[in-house]
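Subject: Handover of a structure and its findings

Dear colleague,

Please find below the structure that I am handing over to you. I would be grateful if you read the notes after it with the structure open beside them.

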Amino acid sequence: MLKNNMLRKKIIIVGALIALILFLDQWLKIWVKTSFAQSGEDYIDLAGSWLRLTYVENQGMAFGTTFGSSVWAKLSLSLFRLVAIFGIGWYWYKEAKSGKKIEFLIAIAFVFAGAVGNLIDSMFYDYIFK
């Protein structure tokens, strides 16, 4: 019973963290997209001149890599993201059940939230901001 309560507590804590990360991620992206010029010349210094928030769009994966520009390429990338999300979620749950420390589970939650955020971006931003 104690192990189930600990698992439930970990799920609630990490689930709330994922929801908060996704909310902040989407809020920040919408704010930047509606407030900044697309040229990349518009920025905000966050911590002096060594940390800047700049508006840059990436239509593909890491470093702008794409599968092409067709609908099928976008669909295959979205399917890949879905598989990755389910895989990360399954791995997280397996590790939580085995009793891993909450810090490790939180680290996995950041990766999971990033993957979900990328899927949300690819699914909705082409339709919202045309």
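Two residues are in contact when heavy atoms of theirs lie within 4.5 Å. By this criterion, among contacts in the protein chain between residues at least 6 apart in sequence, 53% join residues at least 24 apart. Please keep in mind that this is a predicted model.

Overall architecture. The protein chain contains 3 helices and 2 strands, and along the sequence these follow the pattern α-β-β-α-α. Of its 130 residues, 25% count as buried. The chain exposes about 9300 Å², of which carbon and sulfur atoms supply 69%.

In soluble globular proteins, nonpolar side chains tend to be buried together. Here, the largest nonpolar core has 16 residues, and Val14, Ile18 and Trp92 are those with the most contacts inside it. Helix 1 (2-35), helix 2 (71-97) and helix 3 (102-128) each supply at least two residues of this core. The largest share, 7 residues, comes from helix 3. Leaving aside residues up to four places away in sequence, Trp92 touches Lys10, Ile11, Val14, Leu105, Ile108 and Ala109.

Helix 2. This helix has 27 residues and spans 39 Å from its first C-alpha to its last, close to the 39 Å expected at 1.5 Å a residue. Its buried residues include Leu77, Ile85, Ile88 and Trp92, and also Ser78, Arg81 and Glu95. Just after helix 2, Gly99 takes a positive phi of about 90 degrees.

Aromatic residues. The structure holds 3 aromatic pairs. One of them, formed by Trp27 and Trp31, is stacked, with 6.4 Å centre to centre and 10 degrees between the planes. Both residues lie in helix 1, 4 residues apart, which is about one turn of the helix. Tyr91 is partly exposed, at a relative accessible area of 33%, and Phe104 is partly exposed, at 34%. Finally, Trp27, Trp31 and Phe36 form one aromatic cluster.

Yours sincerely,
A colleague

Notes
Residues are numbered from 1 along each chain as its sequence is written. This is a predicted model: local features need pLDDT of at least 70, side-chain atom pairs count only at pLDDT 80 or more; totals for chains, interfaces and linings use all residues. Side-chain values use heavy atoms; hydrogens and water are left out. A nonpolar core is a set of buried Ala, Val, Leu, Ile, Met, Phe, Trp, Tyr and Cys residues joined through side-chain atoms within 4.5 Å. Buried means under 20% relative accessible area, exposed over 50%, partly exposed in between (1.4 Å probe, protein chains only). The expected span of a helix is 1.5 Å times one less than its number of residues. Accessible areas come from the Shrake-Rupley method with a 1.4 Å probe; for residues, only the protein chains shown count as cover. Rings of Phe, Tyr and Trp (its six-membered ring) pair if their centres lie within 6.5 Å; planes under 30 degrees apart count as stacked, over 60 as edge-to-face and the rest as tilted.
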